[in-house]
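My entries follow in the order I made them.

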Amino acid sequence: MLVHGSGAHAGYSVLDAKGRPVPAVKYDVGAGHAYVIPLAALAAGRPPIDMSKYDIPTLSSAAPAAAAGPNGAVAHYVMGILQVNATDLTGSTTTASGSVFLVNTDSVTRWSTPMAIASGVARVAVPTGHYAAYTTFYETNPTTGVVTTYLVATQDFTVAPSVTTQLNVNERTATVPVTVATPKPATADMAQVNLTRGDAAGLTGSVNLFGGGPIYVSPAPAAKVGSFAEQVDWAGVGPAGTSDQYRYDLMFPSANHIDAKQVFSVAQSQLATNRDVFDIDPAVASGDSGTYEVGPVSAAASAIEDSESVPTPGTLTDYLSAPLPGYSWGQGYFYASLPTNPVYGSVSLDTSNPATAYPVGKTVTRTWGQGPLTPQVGQFKGALPCNACVDGTTMDLGLSPLDDTNPDSSGSIGGAVTGSLTVYRDGTQVASVPNAAKTELTGITQQAGTYRMVLDQDLSAFGFTQSTSTHTDLSFRYQPTGNPTLPSGDTCSAQGTSTTRCQILPLLNLSYALQGTDGLNTSHSAVQTLDLTVGHQSYNGTGSTAAITGATVSVSYDAGKTWVAATAVSTGGGHYKATWPNNAAKGTTPWLKVTATDAVAGSISQTVANAYTIGSLS
């Protein structure tokens, strides 16, 4: 399982050893527990599983409930016995196996543990009151290995004291297939049925069922107690071997019941076309293919991401529906160093963007992994944690370790990074963290002062040949008040339990766009052009608006021993066009050094070793 981020903003993938999606269910009742359980773990004939192994608190939508007792029950409630009697597809009541996900509709925090059905029965003591139950079964085709999932919904029933409440669930009542029609042929890669159940007080819990095989559901009415919503997401891939690889990623509006017809369709006029281009380091281009990940992201709940192997370098067309209100599309690109390298490393680039980033009826091109890859604070459009923010006397300072040309990328490196982050205030060192790009300061002085961050990062051990190391020296003038407020939906570690929103610090951001490079970040132009954008850290357009006062670019052809100033011309608004000759031998990997300043005493100096490669020049 891969998790990107944490809590409400996390994306995750459940994959097998070959990187294919695995059928699973996520159960999140907002009590500090979120279970993500592969359905294979619930197979018939297996002993009862240890649910604690599948509890991933970082994906929970809320903090733990107080005074939790055995089996997730909260103490001091009158208890009753619930017995679930299951019938499988063959009509047997003794061989049925599955899993029951309860939601207490008086208060979702009163129960937070899945129930396993063994030999047709699940029995447990629960707080008395009103409940909903969502029961999953699955069947594996012995020839193809394809898993079919069956979901039986029981919307409202009551567990009484002093007697055993009997709940009968029949796998054969899940008769309605979830199907999707697309403009061009596509095979389902992953379908997700999201069930959100609210209690009488308005708190919600969720059961999210996802997998690559067919899903059948039982029709169900609207909720009698609390609220209910069913919402379907679907991902499909075009036929293998097509010259232009494509896929669909779709979200459909929710309903307050489970309809007896689960047929969804979409027209081309309702879709945005996202043309994804994948660049890669030349050293690993002949190794494993890269992985493209995509899924819905919201401020309320973490979301499953589908993944697809993509050629590197290469392209993929992704047809996206407009995300539902409150959601954005989370996307990512992942590639790793060669398995033969002594030290394993992986590059992971992620972004989260709202509907405006994917205009319906339009084509948007995004190049992933275009170098140089550098640490930056970022300029993000979707919901993400703040890199450098302050709340009262607590300050977060850091950078995304490895960002590409896109200012809304949040990149990271998997593996043992060599380097250090050192922080100074008014010339005095206040923090030093080895092999990390972020730190948190507490008890900061509530007076104006100058902070300086120095980040050294060395990736050379991984066997990459480009952007192998960086030296970033970044300063900003801190003011205790008057900084922009972090927008709602974005998160800030410094905030902690405070009710005030964090303030965004005025750190400078560099966005490199080397022109004329190919999918191996190799240039074939005699004169190299860099479109450089200098701005400030921002979230959904909010951040410092201080004027950019200058920028310089230098290039070195001898690994930083000597430097030549490039011609850098301002084109306005923090944009600069820099040019220099590629007058070194084929295969040379020039170094770049960029400096910039703003009108509020901010500055940045960044040196990138082996920023790109010189190829055959035209």
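**Entry 1: charge network.** I started with a network of salt bridges that links Arg247, Asp249, Asp306 and Glu308. I call a salt bridge when a side-chain nitrogen of Lys or Arg is within 4 Å of a carboxyl oxygen of Asp or Glu. In the link between Arg247 and Asp249, N to O is 2.7 Å. Glu308 and Arg247 also meet at 2.7 Å, N to O. Glu308 is in strand E23 (residues 306-310) and Arg247 in strand E18 (residues 246-251), so I noted a link between distant parts of the chain, 61 residues apart. Strands (E, at least two residues) are DSSP runs, as are helices (H or I, at least four), numbered from the N terminus. Arg247 and Asp249 are both buried, and Glu308 is buried as well. Buried means under 20% relative accessible area, exposed over 50%, and partly exposed in between, with a 1.4 Å probe and protein chains only.

**Entry 2: model and conventions.** The model is predicted: local features need pLDDT of at least 70, side-chain atom pairs count only at pLDDT 80 or more, and totals for chains, interfaces and linings use all residues. Residues are numbered from 1 along each chain as its sequence is written, and side-chain values use heavy atoms, with hydrogens and water left out. I read a mean pLDDT (the predictor's confidence in each residue, from 0 to 100) of 90 for the protein chain, with 91% of its residues at 70 or more. Residues 65-70 fall below 50, and this stretch has nine contacts beyond near neighbours in sequence. Contact means heavy atoms within 4.5 Å.

**Entry 3: another salt bridge.** How many salt bridges does a search of the whole structure find? I found eight. One of them joins Asp156 and Arg197, with the closest N and O atoms 2.9 Å apart. Asp156 belongs to strand E10 (residues 147-159) and Arg197 to strand E14 (residues 187-198), so the pair ties together parts 41 residues apart in sequence.

**Entry 4: ring pairs.** I counted 17 aromatic pairs. Rings of Phe, Tyr and Trp (its six-membered ring) pair if their centres lie within 6.5 Å; planes under 30 degrees apart count as stacked, over 60 as edge-to-face and the rest as tilted. Phe380 and Tyr539 are tilted, at 5.5 Å and 40 degrees. Phe380 lies in strand E29 and Tyr539 in strand E43, so this pair ties together parts 159 residues apart in sequence. Phe380 is buried at 3%, and Tyr539 is buried at 0%. Tyr451 and Tyr478 have their centres 5.9 Å apart and planes at 85 degrees, so I logged them as edge-to-face. Tyr451 and Tyr478 are both buried.

**Entry 5: Gly449.** Gly449 sits in strand E37 (residues 449-458). Gly449 is buried, at 0%. Beyond four places in sequence, its contacts include Arg425, Phe476 and Tyr478.

**Entry 6: open sheet.** I traced four strands in the order E36-E31-E30-E39, with antiparallel pairing. Two strands pair if DSSP finds at least two bridges between them. Strands E36 (438-441) and E39 (503-504) stand at the edges with a single partner strand each, so one side of each has no neighbour in the sheet. Two bridges join E30 to E39. Cys389 has Ile504 as its bridge partner in E39.
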